[in-house]
Amino acid sequence: MKVTVVGAGNVGATCADVLATREIANEVVLVDIKENFAKGKALDIWQKAPIIGYDTRTVGVTNDYARTAGSDVVVITSGMPRKPGMTRDDLISINAGIVKTVTENVLEHSPNAIIIIVSNPLDVMTYQAHLTSKLPREKVFGMAGILDTARYRAFLAEALNVSPKDIQAVLMGGHGNTMVPLPRYTTVGGIPVTELIGKEELAAIVDRTINGGGELVNLIGTSAWYAPGAAAAQMVEAIVRDQRRVFPVCVELKGEYGIDGVYLGAPVILGKNGIERIIELQLNDEEKALLETSRGHVKEVMDALDKMSKEQPANA
Ligand SMILES: NC(=O)C1=CN([C@@H]2O[C@H](COP(=O)(O)OP(=O)(O)OC[C@H]3O[C@@H](n4cnc5c(N)ncnc54)[C@H](O)[C@@H]3O)[C@@H](O)[C@H]2O)C=CC1
Ligand SMILES: O=C([O-])CC(=O)C(=O)O
């Protein structure tokens, strides 16, 4: 299996490192526009192989997409991260052009690849990759839900003093302040979380999860990478090993949840064909209302992208 990761910055290099360390692919090609940057990162990861003990070959190139030819899965992390004071949506104009160009280059050499978008604003960059690639929704989707649920699970594990491995959760909606955590679908070793934690403490954890990306931006000065890189690698693993894992993934909804033509996080089964199935939860009225708010927000930003593309066809 061959996997390409575009963008050798914080998230991309971490993703490549997890893919190699866990031998998720035979070969990982790291691409960056910055001269020699990906080459250096890939070489460093390869030099770790004898120490940790793995066989995955990592190779880095400067914008040489011919070297990515025949990739089974491509992860796109290229683009600007936000700084304190910015929202993810503030990145739309710079990252839309990058995601468009990169998607074109990737497809020219790997027409059958499954594409996972990481660049922000996530839901709308996934839409951009779809507009550019014309790939069906099963083959172009975005990473956010695994990260957002991981934050939620980590906070809960800390509060309950239990292993994070035993916390199962799903959340929906856009990757931003309108995301929809679902305490009703959160369990701790099979026990509903509401039996183990008070309402107020749970509400505070939900709130911290919603603002989880911003918390790290304020602490670090740029956005997170360890958990995001690992989350993208986990999606790759589910695909290349045909694991049929159940994950929240950003996907175009086409009638599911009564929503049409909007990219939102929803639980899916991820396997060798990409999205194998979208799971429809029986949301209650309160959850439906939160999802509708999220849909409205993401649709507004998608419309902004469409408008921008008309005004600056380079982003079309
Ligand atoms: N979906 C999610 O949950 C998350 C998304 N992100 C997003 O991922 C993106 C990357 O974040 P970081 O890795 O922290 O940023 P970074 O600045 O460390 O790395 C981005 C890399 O992209 C490269 N790049 C820019 N234009 C390119 C092009 N046309 N072709 C190839 N490479 C290009 C840059 O040279 C840089 O090395 C950001 O947009 C960030 O907001 C970050 C964390 C989580
Ligand atoms: O917060 C950001 O800008 C990066 C991101 O999407 C996250 O870490 O959730």
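## Asn95

Asn95 counts as buried because it has 24 C-beta neighbours inside 10 Å (buried means 20 or more other C-beta atoms within 10 Å of a residue's own, with C-beta atoms placed from the backbone). This is a predicted model, where local features need pLDDT of at least 70, side-chain atom pairs count only at pLDDT 80 or more, and totals for chains, interfaces and linings use all residues. Residues are numbered from 1 along each chain as its sequence is written, while chains are lettered from A and ligands numbered from 1 in the order in which they are written.

Asn95 sits in helix H3 (helices are DSSP runs of H or I with at least four residues, strands are E runs of at least two, both numbered from the N terminus). Setting aside residues up to four places away in sequence, Asn95 touches Gly79, Met80, Ser119, Asn120 and Met125 (contact: C-beta atoms, placed from the backbone, within 7 Å).

E4 pairs in the parallel sense with E1 (residues 2–6) over four bridges (pairing takes at least two DSSP bridges). E4 also pairs with E5 (residues 114–117), again parallel over four bridges. Val75 has Ile116 as its bridge partner in E5.

## Gly12 and the record

Gly12 lies in helix H1 (residues 10–21), and it counts as buried, with 29 C-beta neighbours inside 10 Å. An unreviewed UniProt entry annotates a "binding site" that includes Gly12 and Asn95; such annotations may be inferred rather than shown by experiment, and the positions use the numbering used here, with feature names shortened.

Terms used: A residue is buried if 20 or more other C-beta atoms lie within 10 Å of its own, exposed if 12 or fewer, and partly exposed in between; C-beta atoms are placed from the backbone. Two residues are in contact if their C-beta atoms, placed from the backbone, lie within 7 Å.
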